[in-house]
Amino acid sequence: MTILVTGGAGFIGSNFVLDWLAQGDEPVVNLDALTYAGNLRNLASLQGDARHVFVHGDICDRALVDQLLAQHRPRAVVHFAAESHVDRSIHGPGAFVRTNVEGTFTLLEAARAHWGALQGEEKSAFRFLHVSTDEVYGSLAPDAPAFTEEHPYEPNSPYSASKAASDHLVRAWHHTYGLPVLTTNCSNNYGPFHFPEKLIPLLIVNALAGKPLPVYGDGRQIRDWLYVRDHCSGIRAVLAGGRVGQTYNIGGWNEQANIDIVQKVCALLDELRPDAAGPYARLVTHVADRPGHDRRYAIDARKLERELGWRPAETFDSGIRKTVQWYLDHPDWVAEVQSGAYREWLSTNYAAR
Ligand code: NAD
Ligand code: TYD
């Protein structure tokens with residue numbers, strides 16, 4: 001048996017592949033285009049491991065996807081590949097429509113053709129697991145209940161709109177063609193291998209370099225934060241026992257305002273890597289807000305707990321401590337991802353703020 005993972009060189013995908021192969025011996029075929037967000041260094045510990053087959057390619061390439069399905073006959077597709085950063089989607093939405101919508105469509109069509117030709121147990125066991133986000137549900141009022149799986153889709157950014165479109169395609173491929181799909185909608189992840197364009201790794205990397213810590217607007221926007229390996233265990237639970245055609249929210253029961261996240265990261269760095277120049281919080285800088293910035297996300301993950309017994313293993317305190325320590329322990333990884341392209345992005349996103 002084998003699984004096909006897409007986007008397995010990115011932040012969550014690489015954590016998933018590493019955890020998957022640490023838990024068992026079922027091989028992984030990993031299809032990744034290695035965009036700016038894909039990094040084979042995340043998978044360096046798998047070098048020479050025959051259970052991991054890396055394929056450098058695009059999910060929009062139907063012939064390639066067909067070939068991989070025919071050659072490896074995976075029992076499941078676990079689909080992470082996406083353009084994933086809201087700020088980039090504001091500057092250049094086209095790539096989001098291409099990968100998130102057209103790419104998911106291509107995978108669904110290839111999976112449908114493959115699954116349609118399977119027989120017996122191989123056919124009934126096949127799954128297409130689509131990894132999505134809580135951002136498809138839109139923004140919550142301060143006192144509104146957390147998102148359940150029944151919450152209407154109200155995406156507000158080009159990123160969330162493209163993910164919402166992909167979720168709808170997945171739903172329709174089940175409803176119309178019977179493709180055995182599962183969808184997960186998760187809150188904000190953090191942890192090792194997180195590219196430092198997103199809030200938490202950006203704070204750590206900037207603080208260590210003595211650079212400003214940019215807080216959009218008043219910093220009172222709220223997100224639910226989940227340690228990435230808990231997301232991976234949630235996906236494994238859904239893949240193993242989720243009901244076909246269902247969606248499952250995955251979240252950390254951990255709502256926090258951005259400014260509180262900033263203060264916590266600064267306090268941890270003060271403890272673990274004190275700076276002679278003074279507390280890291282001196283670097284906090286309020287900058288112009290993100291256009292259309294969603295004010296609050298919160299996830300109700302009770303369905304996943306009720307049906308499959310999943311709960312996050314980490315608290316925010318334990319997960320953020322591990323995360324900060326990981327960045328302190330991996331200066332080479334950090335240095336390598338701060339390429340010319342990364343510096344260009346910083347200038348695109350922050351210079352005019
Ligand atoms: P990421 O940006 O770190 O990684 C995306 C990966 O997909 C990269 O390795 C990239 O090279 C690859 N990729 C991009 N376009 C591709 C294409 N056309 N063909 C093949 N590969 C391609 O993203 P992430 O944070 O790891 O997110 C993974 C998935 O989880 C995404 O679908 C995202 O929407 C979802 N998600 C992310 C979060 C989060 O907090 N990061 C939360 C909930 C859901
Ligand atoms: P981000 O990590 O980009 O994830 P998302 O937009 O998918 O939630 O941002 C998390 C929150 O942090 C979001 O409310 C935007 C805010 N933010 C900042 O305040 N400053 C920054 O430099 C970045 C990148 C994000």
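I take contact to mean heavy atoms within 4.5 Å. With that settled, I note that this is a predicted model.

**Entry: contacts and fold**

Residues 24 or more positions apart account for 82% of them in the chain. I then went through the secondary structure. The chain has 13 helices and 12 strands.

**Entry: dimensions**

I checked the radius of gyration next. A compact globule of 353 residues would have a value near 20 Å, and the chain has 20 Å, so the two agree. Along the principal axes, the C-alpha atoms fill a box of roughly 65 × 50 × 40 Å.

**Entry: surface and charge**

I looked up the accessible surface. For the chain it comes to about 14300 Å². Carbon and sulfur atoms hold 52% of that surface. As for burial, 56% of the 353 residues count as buried.

I also looked at the charges. The chain carries 33 positive and 41 negative ones. Their mean positions are 1 Å apart.

**Entry: strand 5**

How many residues of strand 5 are buried? I went through residues 127-133 and found 7 of 7 buried, so the strand is mostly covered by the cut-off of under 20% relative accessible area.

I then sorted the side chains by direction. Arg-127, Leu-129, Val-131 and Thr-133 point one way from strand 5. Phe-128, His-130 and Ser-132 point the other way. Residues on both sides are buried, Arg-127 and His-130 among them.

**Entry: partners of strand 5**

Which strands pair with strand 5? I found strand 4, residues 76-79, paired with strand 5 in the parallel sense over 4 bridges. Here His-79 stands opposite His-130. I noted His-130 again as one of the buried residues of strand 5.

Strand 6, residues 181-186, also pairs with strand 5. The sense is parallel, and I count 6 bridges from the record of pairing. In this pairing Ser-132 stands opposite Asn-185 of strand 6. Ser-132 and His-130 point the same way from strand 5.

**Entry: Asn-100**

I turned to helix 4, residues 94-116, where Asn-100 is found. Is Asn-100 buried or exposed? Its relative accessible area is 1%, and buried means under 20%, so Asn-100 is buried.

I then looked up what Asn-100 is in contact with, leaving aside its neighbours within four places in sequence. The list is Ala-82, Glu-83, Ala-95, Tyr-159, Ser-162, Lys-163 and Ser-166. Of these I marked Glu-83 and Lys-163.

Notes: Residues are numbered from 1 along each chain as its sequence is written. Chains are lettered from A and ligands numbered from 1 in the order in which they are written. This is a predicted model: local features need pLDDT of at least 70, side-chain atom pairs count only at pLDDT 80 or more; totals for chains, interfaces and linings use all residues. Side-chain values use heavy atoms; hydrogens and water are left out. Helices (H or I, at least four residues) and strands (E, at least two) are DSSP runs, numbered from the N terminus. The radius of gyration is taken over C-alpha atoms; the globule rule is 2.2 Å times the number of residues to the power 0.38. Buried means under 20% relative accessible area, exposed over 50%, partly exposed in between (1.4 Å probe, protein chains only). Accessible areas come from the Shrake-Rupley method with a 1.4 Å probe; for residues, only the protein chains shown count as cover. Lys and Arg count as positive and Asp and Glu as negative; His and the chain ends are not counted. The place of a charge is taken as NZ of Lys, CZ of Arg, CG of Asp or CD of Glu. Two strands pair if DSSP finds at least two bridges between them.
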